[in-house]
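Here are my notes on the model you passed along, point by point. Have it open while you read.

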Amino acid sequence: MPRSTNSVASRARRKKIMKQAKGYYGVRKNVWTSAKNAVEKAMLYAYRDRKNKKRNFRSLWIVRINAAARLHGMSYSQFMGKMKKSNIELNRKVLADLAVNNPEAFKAVIDQVK
C-alpha cells in the first residue's frame, strides 16, 4: 500500500496559523516556523492575561473603594468588615462604580454600615 500524506489537512493547518500571524512584524508573518512560534506564544499570553485581567480589575475596584471610604473617615478593610456584619451584599464592582459615578449613594451605604 502506498504511503498517504494528508496534504489537504496539513495545508489547512498551516494556512490557519499563517492567517493568525497576519499583521505581525518581519518574518513572523510569512515564515512558517517563526509564525508558528509567534502565534503559539501569543496564544499563551492571551490565555494568561485573560486571567490577569480579572485580578487587575479587582485591584482597581479596591483602590477606588478605599479612596472613597477614606473620604468618609474609614479604611477599606473597616468598611468591608462592616459591610459583611450588616449583611449588605454589594460586590466590589458595584461599590467602585457607586464611589466614582454616584458619591451620594456611596455615602448612603457608608452611613448605613456605620
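1. Let's start with Asp49, which counts as partly exposed at 34% relative accessibility. On the cut-offs: buried means under 20% relative accessible area, exposed means over 50%, and partly exposed is in between, with a 1.4 Å probe and protein chains only. Asp49 forms a salt bridge with Arg48, and the closest N and O atoms are 2.9 Å apart. A salt bridge here is a side-chain nitrogen of Lys or Arg within 4 Å of a carboxyl oxygen of Asp or Glu. Arg48 is partly exposed too, with a relative accessible area of 42%.

2. Before going on, the ground rules. This is a predicted model, where local features need pLDDT of at least 70, side-chain atom pairs count only at pLDDT 80 or more, and totals for chains, interfaces and linings use all residues. Residues are numbered from 1 along each chain as its sequence is written, and side-chain values use heavy atoms, with hydrogens and water left out.

3. Asp49 has another contact to look at. Its side chain makes a polar contact with the side chain of Asn52, at 3.3 Å. (A polar contact is a pair of N or O atoms within 3.5 Å; within protein, one must be able to donate a hydrogen and the other to accept it, and residues adjacent in sequence count only if both atoms are side-chain atoms.) Asn52 lies in helix H2 and is buried, with a relative accessible area of 18%. Helices are DSSP runs (H or I, at least four residues), as are strands (E, at least two), and they are numbered from the N terminus.

4. How many aromatic pairs does the structure hold? There are 2 of them. In one, the rings of Phe57 and Trp61 have their centres 6.1 Å apart and their planes at 40 degrees, so the pair is tilted. The rule is that rings of Phe, Tyr and Trp (its six-membered ring) pair if their centres lie within 6.5 Å; planes under 30 degrees apart count as stacked, over 60 as edge-to-face and the rest as tilted. Phe57 and Trp61 are 4 residues apart in helix H2, which means about one helical turn separates them. Phe57 is partly exposed, at a relative accessible area of 39%.

5. Then there is Phe79 with Phe106: ring centres 5.4 Å apart and planes at 50 degrees, so this pair is tilted. The pair links distant parts of the chain, with Phe79 in helix H3 and Phe106 in helix H5, 27 residues apart. Both Phe79 and Phe106 are buried.

6. Now H3 itself. Its buried residues are Tyr76, Phe79, Met80 and Met83. Seen down the axis of H3, they fall within an arc of 95 degrees, so they line one face of the helix. (The arc is that of the directions from the helix axis to the C-beta atoms.) The face turned away from that buried side carries the exposed residues Ser77 and Lys85. What covers the buried residues of H3 includes H2, H4 and H5, where contact means heavy atoms within 4.5 Å.

7. Check Asn87, in the loop between H3 and H4. Asn87 has a positive phi of about 55 degrees although it is not a glycine. At 63% relative accessibility, Asn87 counts as exposed.

8. Which residues of H5 (residues 103–113) are buried? They are Phe106, Val109, Ile110 and Val113. Down the axis of H5, these fall within an arc of 100 degrees, so they line one face of the helix. On the other side of H5, Glu104 and Gln112 are exposed. The cover over the buried residues of H5 includes helix H2 (32–71), helix H3 (76–85) and helix H4 (92–101).

9. Lys107 is partly exposed at 39% relative accessibility, and Asp111 is partly exposed with a relative accessible area of 44%.
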